[in-house]
Amino acid sequence: MTSQVSSPITAGTADEPHVVVDVLGEQRKPAKETRQLDRVIIRFAGDSGDGMQLTGDRFTSETASFGNDLSTLPNFPAEIRAPAGTLPGVSSFQLHFADHDILTPGDAPNVLVAMNPAALKANLGDLPRGAEIIVDTDEFTKRAMAKVGWAASPLEDGSLGAFAVHPVPLTTLTLEALKDSGLARKDAERAKNMFALGLLSWMYHRPTENTEAFLLRKFAKKPDIAAANVAAFRAGWNFGETTEDFAVSYEVAPASAAFPKGTYRNISGNLALSYGLIAASKQAQLPLFLGSYPITPASDILHELSRHKNFGVRTFQAEDEIAAIGAALGASFGGALAVTTTSGPGVALKSETIGLAVSLELPLLVVDIQRGGPSTGLPTKTEQADLLQAMYGRNGEAPVPVVAPATAADCFTAALEAARIALTYRTPVFLLSDGYLANGSEPWRIPQLDELPDLRVEFASGPNHTDADGTETFWPYLRDPQTLARPWAVPGTPGLEHRIGGIEKQDGTGNISYDPANHDLMVRTRQAKVDGIAVPDIEVDDPSGTARTLVLGWGSTYGPITAAVRRIRREGGQVAQAHLRHLNPFPGNLGQVLKAYDRVVVPEMNLGQLAHLLRAKYLVDARSFTQVTGLPFKAEQLAAAVTAIMEENADVDV
Amino acid sequence: MSTSEALSLVPKAAGKQTMKDFKSDQEVRWCPGCGDYAVLAAVQSFMPELGLARENVVFVSGIGCSSRFPYYMNTYGMHSIHGRAPAIATGLATSRRDLSVWVVTGDGDALSIGGNHLIHALRRNVNLKILLFNNRIYGLTKGQYSPTSETGKITKSTPMGSLEAPFNPVSLAIGAEASFVARTIDSDRKHLQSVLRAAADHPGTALVEIYQNCNIFNDGAFEALKDSATAQEAVIRLEHGEPIRFGAPAEDGLGSKGVVRDPATGELSVADVAEVGTDRVLVHDAHTPNPAAAFALSRLADPDTLHHTPIGVLRNVARPVYDTDMADQLDRAVSLHGEGDLAGLLSGTDTWTVP
């Protein structure tokens, strides 16, 4: 959220020149007045059965292929179909797109598409004055309004005076458009989301051919449904073009300047993470094995990887979370790049096996797509409250490296980095994504294969120790002096037969040992191995070099924090920003960085878990700014909070 | 079902092996007199018969006395955590079909904390051989009742007697869709090895319940099956294709007792062969897909006295093997879509270029 909308999107402030565009070629363009905008935030909202996520996804794809920068925020209830027309059943999808580089799905929508009274009521509070509201008037029946506690229609009682309301009988228009389709009324009605998508596509000059192709693909087995959806989509577009209620359409130019050159696609966090895992397997030349138990919001990784068996990917849907990680650990023992994917409650169940992996010193990726907790919590909402669980949630001293992606597209790179650490240091590694990154999407510059890191590993192939009597033997816990990693000797290698287990082992030989000094040594060695992992220094963004306050974040708060920092700087504030990708171990220069600033502000979607770690390790007065609403920070609030801390006792510091 | 089918992908040893090849250099630390010693010796002396490359054999265990087993085998091994060995072994076996993977577990490990993994391994029919050492007690935690302990058992945690009904591991396995279920006894090496042979030959999950004596906390639990005075009447030795007869020999040299089926209810019972005639004696069919007879056999023993305990292979049927089918899906994916093309995958279909 870096700039204001160039002109408020309200009907009636037509002070810009009319631009009439002819319909050229296949790509239809609106013929009415067009206004230029630098960015727009749209929110689609409806019942969980109304297809709002699909509508949002399609609008996003159109927007991505047009070349805007974009960021999305799907927001839906845990119930698959909550009672129709109720507030808990409202599902929404917010999309922010711009002609420049943006970082968040936006604080407040400029446009709300509300498919029923519940969708309007649930989202009204988020709308700024002047926002446009497109409502399906057909759904504003007495009964539907009563469900959300409205005695009179807000469309008629003047309560929406602050907004530009477009009342559109979406259902009637859709049914009318499909009256010759031969579809039953119920099936025809279902296409109303495509009518709305068509209308919005007209309003914002989105390319439409990909959506039509998508619909034909999606409903390939039901040609009449496919035809109806395309017809509804076109009818929506035409409605925008012909109705007088929509006098203008808007253009948001491609964000060419914001992107380095390259080929781009739109990608969600879970998809990027899945691709990162497949890429890691290719780069390591090891088969990928995923052990997983379905859990929101991680299941899409299981679904995605299951589709790529031609990459040698084995996916195992286990009987429970424990078996999922157990199978992955077994595969790792056998020489696979092993992964388990889950969310917070699943991590809790996997803890004992993660401890075993620490003791066995085998590579293993534990992917935690964090969601609201504790317990079942908020399955479909985002949170960052598993950091301390990842750090400490095991019995005994069981250090595990932790890596966190910053954006949806960054999940790709972070997966490769987690794999690098796991394979190089023979250790389980936590990859902490979250629901916001998982489901949100943004443009991604597709990397060339030669840009990807080389992750090849060497399995042990022969003896590594000579006994006093000259016998050549294999010691499974004889470490690499540099990395402290132990050899990875996979079954099938002659002469290296060995036994490992969760009981404490003697340094070197790996034999069972209850010796007090040996245990002390092994505990410290395992810790030293993780502490010694090579991670890049943290970079600080401090353009003026005079900032006294550092904002430090980790994980998915990168977008909102960066947007907030830009706001503060635009207002003339001096603030430095840094973002942690490695949470265990921390970058080597982190202590120095923290000490270079008078104030350190740590925004987190938890109650201050990173701040707690920083205070403990560096004895700095890290100040928490926290939010646990299940939603990402809004840049405006974050900027205000950081500014308030910057201004505290400012006279003392100046 | 032959060795070649179940172990066809496992490399063979170059030379002849002996029991010594499978003994590790670790000192065995079970209590003197423990039944585990007998099982270990039986397994170590059986393995050379399979002739597999030692480095392609893996023993995975959970937690408990029996789960120390892998340390004593000079193969690859993992002593994992309580109850999870079938899950860990599943990941290993499905990703490495060139390995012969064995799970060693106990009645607490497999049936209490790890019950879920056991039934799902059996259901999936992964190529695993599970040796379930059943001593009907918790040994390593020093003598609490286990899920196979008899009701009323007095232990440290049940001073007034256990309130629980025990699992019958064989019944449980048959109910969990197991394709191979057998029972044997620690002290009968010949029988134990014959069952191991059949298990090793079986493609898919094989569950072998081994009655094993804990001489410290539950000594003599299976004495009725071992004492020559009672064993003849207590033990029913099953052989596929043979009439199920036991007890003192009749005139034809086979046992004077036989297992007969009630034609109306399907229930099995023990009868004097002289009274009912040889024609009525059930012929054991381990290969029949219908599990009813195997299940009925598993219920024959008296839970208190263990009289009429069938041992041998109760069920041995062919079913699709999980890891084979998984490998086939991977092959099919390649033949349908070609080898994975990473650049193509990352690009997808909807891209745009910034010049």
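## Interface size

Chain A and chain B bury about 5,300 Å² between them, with 62% of it on carbon and sulfur atoms. Buried area here is the accessible area (1.4 Å probe) that two parts lose on being put together, summed over both. In chain A, Asn310(A), Arg314(A) and Arg499(A) lose the most area to chain B, together 14% of what that side buries. The contact (heavy atoms within 4.5 Å) takes 68 residues from chain A and 59 residues from chain B.

This is a predicted model: local features need pLDDT of at least 70, side-chain atom pairs count only at pLDDT 80 or more, and totals for chains, interfaces and linings use all residues. Residues are numbered from 1 along each chain as its sequence is written, chains are lettered from A and ligands numbered from 1 in the order in which they are written, and side-chain values use heavy atoms, leaving out hydrogens and water.

Two salt bridges cross the interface of chain A and chain B. The rule asks for a side-chain nitrogen of Lys or Arg within 4 Å of a carboxyl oxygen of Asp or Glu. Glu319(A) forms one with Arg124(B), and their closest N and O atoms are 2.8 Å apart.

Nine strands form an open sheet of mixed pairing, in the order S19(A)-S2(B)-S1(B)-S3(B)-S4(B)-S6(B)-S5(B)-S11(B)-S7(B). Its edges are S19 (499-501) of chain A and S7 (235-237) of chain B, each pairing on one side only. Neighbouring strands are turned by 20° against each other on average, direction ignored. Strands (E, at least two residues) and helices (H or I, at least four) are DSSP runs, numbered from the N terminus. Two strands pair if DSSP finds at least two bridges between them.

S19(A) runs parallel to strand S2 (residues 76-79) of chain B, joined by three bridges. Arg499(A) has Gly77(B) as its bridge partner in S2(B). Helix H12 (residues 344-360) of chain A lies across S19 of chain A together with S2 of chain B, at about 140° to S19(A). Axes are lines fitted to C-alpha atoms, for helices over the stretch in contact, and angles run from 0 to 180 degrees between N-to-C directions.
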